[in-house]
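Colleague: I have the model open and some questions ready. Can we go through it piece by piece?

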Amino acid sequence: IGVWIKGENNDGYEPRYQELAQAIRGKFREAEVSGFVGRRGSFEIEINGQLVFSKLKSGGFPYTEDVLDAVQKAYDNKPMEKISRSRTSCIIL
């Protein structure tokens, strides 16, 4: 299983990448998880070459459990759906 996470090179990308990478590697030891610098404002996840999440389209970051579910589907050779749920990147009170 190959998981590629692309995001803008800023302070918010690295912690979210590390959180997801750790969760994926913890559940799927054989998964190859790689991080790349992407477009401004982006945070995109591809699994085996299929785009399953885009912050540019959803407006926020994915929930870890949704990403793990998508990786599980890839592992089980089941069709993957795009992740539609997201959490906002910041909240202004």
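Modeller: Start with a term: a nonpolar core is a set of buried Ala, Val, Leu, Ile, Met, Phe, Trp, Tyr and Cys residues joined through side-chain atoms within 4.5 Å. Keep in mind that this is a predicted model.

Colleague: How many residues does the largest nonpolar core have?

Modeller: Residues with the most contacts inside this core are Val3, Ile5, Ile24, Val33, Phe43, Ile45 and Ile47. Strand S1 (2–7), helix H1 (13–27), S3, strand S4 (50–54) and helix H3 (64–75) each supply at least two core residues. The core's total is 23 residues.

Colleague: Take isoleucine 47. Leaving aside neighbours within four places in sequence, which residues is isoleucine 47 in contact with?

Modeller: Isoleucine 47 is among the core residues with the most contacts inside the core. Beyond four places in sequence, its contacts are Ile1, Gly2, Val3, Trp4, Val52, Ala70, Val71, Ala74 and Met80.

Colleague: Which side chain makes a polar contact with the side chain of glutamate 44?

Modeller: Polar contacts need N or O atoms within 3.5 Å. Here the distance is 2.8 Å. The partner of glutamate 44 is arginine 39.

Colleague: Glutamate 46 next. What is the length of the polar contact that joins the side chains of glutamate 46 and lysine 6?

Modeller: Glutamate 46 also has its place in strand S3. Its contacts, leaving aside neighbours within four places in sequence, are Gly2, Val3, Trp4, Lys6 and Leu51. With lysine 6 the side-chain polar contact is 3.0 Å.

Colleague: Where is asparagine 48, and what is its phi?

Modeller: Asparagine 48 sits in the loop between S3 and S4. It is partly exposed, because its relative accessible area is 43%. It is not a glycine, yet its phi is positive, about 50°.

Colleague: Is asparagine 77 buried or exposed?

Modeller: Asparagine 77 lies in the segment after H3. Its phi is positive too, near 60°. The relative accessible area is 72%. Exposed means over 50%, so asparagine 77 is exposed.

Colleague: What separates the C-alpha atoms of glycine 60 and arginine 85?

Modeller: Glycine 60 lies in the loop between helix H2 (55–58) and H3. It is buried, with a relative accessible area of 0%. Not counting residues up to four places away in sequence, glycine 60 touches Phe53, Lys55, Ser86, Arg87 and Thr88. Arginine 85 is 25 residues away along the chain, and the C-alpha separation is 8.5 Å.

Colleague: Which residues does alanine 23 touch, not counting those up to four places away in sequence?

Modeller: Alanine 23 is found in helix H1. It is partly exposed, with a relative accessible area of 22%. Its C-alpha atom is 7.7 Å from that of leucine 68, 45 residues apart along the chain. The residues touched are Thr64 and Leu68.

Colleague: How many charged residues are in the lining of the largest pocket?

Modeller: About 160 Å³ of space lies in this pocket. Its lining is Asp66, Asp69, Ala70, Lys73, Met80, Glu81, Lys82, Ile83, Ser84 and Arg85. Three of these are nonpolar and one is polar; the charged residues number six.

Conventions: Residues numbered from 1 in each chain as written. Predicted model: local features only at pLDDT ≥ 70, side-chain atom pairs only at ≥ 80, totals over all residues. Heavy atoms only, no water. Polar contact = N/O pair within 3.5 Å; in protein donor to acceptor, adjacent residues only side chain to side chain. Buried < 20%, exposed > 50% of the residue type's maximum accessible area, 1.4 Å probe, protein only. Helix = DSSP H or I, 4+ residues; strand = E, 2+ residues; numbered from the N terminus. Contact = heavy atoms within 4.5 Å. 1 Å grid on protein atoms, 1.4 Å probe; cavity = no way out; pocket = protein on both sides within 12 Å on 5 of 7 lines; lining within 4 Å. Points joined across faces, edges and corners; volume = space filled by probe spheres on them. Nonpolar A, V, L, I, M, F, W, Y, C, P; charged D, E, K, R; others polar.
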